[in-house]
Amino acid sequence: MSPSVSSLMNLDLSLLAQRLGRLCQQAQLEVTAAESCTGGGIASAITSVAGSSAYFTTGYVTYANAAKTRLLGVPEGTLDTHGAVSDVVVKAMVAGACRESGAGLAVAVSGVAGPDGGSEDKPVGTVWLAWGNADQQQAERFVFPGDRQAVREQAVRQALAGLIVRLAEKVGDGSEK
């Protein structure tokens, strides 16, 4: 049985990263991250594990919209129409990250970490995450409580947990080997 995201959310980041690494190696799959509001936090967590270069070779910090377009191929029109903090943009970030890096699985994140920048539609704490590959992506919206650091940490934790769940389903093994 695959783990649930909620069962993973209380684990230490290093334990999440270790579990992700084991699953990547089982699946013989490279993973990548395309990050905005987390500023490299996902990549940092993954690469805190010795030997992670076997399954994580490339990460993208695309904090500015221009970087999302230049590095990941997110269309400017998509950013103008939907804004960076949207399901459409994080899905495009996943597709671009997989296409550019050659990875078989990616996570992308864009959000309003605060303390400023929120709106009625996208209050501080709003984060969109997407997981998938170049052809297929799933996105989910979260509103995380707390200050800037808390929002960013919750987004990193959610990103890793989502990768683990998807990889556990792929390898058919939810155990903690």
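1. Helix α6 is followed by glycine 102, whose phi is positive, near 85°. Helices here are DSSP runs of H or I with at least four residues, strands are runs of E with at least two, and both are numbered from the N terminus. The model is predicted: local features need pLDDT of at least 70, side-chain atom pairs count only at pLDDT 80 or more, and totals for chains, interfaces and linings use all residues. Residues are numbered from 1 along each chain as its sequence is written, and side-chain values use heavy atoms, with hydrogens and water left out.

2. Helix α6 covers residues 87-101; at 1.5 Å a residue its 15 residues should span 21 Å, and its end C-alpha atoms are 21 Å apart, which agrees. The expected span is 1.5 Å times one less than the number of residues. Buried residues of α6 include Val89, Val90, Met93 and Cys98. Buried means under 20% relative accessible area, exposed over 50%, and partly exposed in between, with a 1.4 Å probe and protein chains only.

3. Threonine 78 lies in helix α5, residues 76-82. Why does threonine 78 count as buried? Its relative accessible area is 17%, and the limit for buried is under 20%. Leaving out residues up to four places away in sequence, threonine 78 touches Gly83, Val88 and Val89; contact means heavy atoms within 4.5 Å.

4. The largest nonpolar core has 39 residues, and Leu20, Ile42, Val107, Val127, Leu129, Leu160 and Leu167 touch the most other members. Such a core is a set of buried Ala, Val, Leu, Ile, Met, Phe, Trp, Tyr and Cys residues joined through side-chain atoms within 4.5 Å. Elements giving two or more residues to this core include α2 (13-27), β3 (105-111) and α7 (148-171). The largest share, eleven residues, comes from α7. A second, separate core of 18 residues includes Leu72, Leu79, Ala84 and Met93.

5. For α7, 24 residues at 1.5 Å each should span 34 Å; the end C-alpha atoms are 35 Å apart, which agrees. Glycine 172 follows α7 and has a positive phi, near 70°.

6. One aromatic pair is counted. The rings of phenylalanine 142 and phenylalanine 144 have centres 5.3 Å apart and planes at 5°, so the pair is stacked. Rings of Phe, Tyr and Trp (its six-membered ring) pair if their centres lie within 6.5 Å; planes under 30 degrees apart count as stacked, over 60 as edge-to-face and the rest as tilted. Phenylalanine 142 and phenylalanine 144 are both buried.
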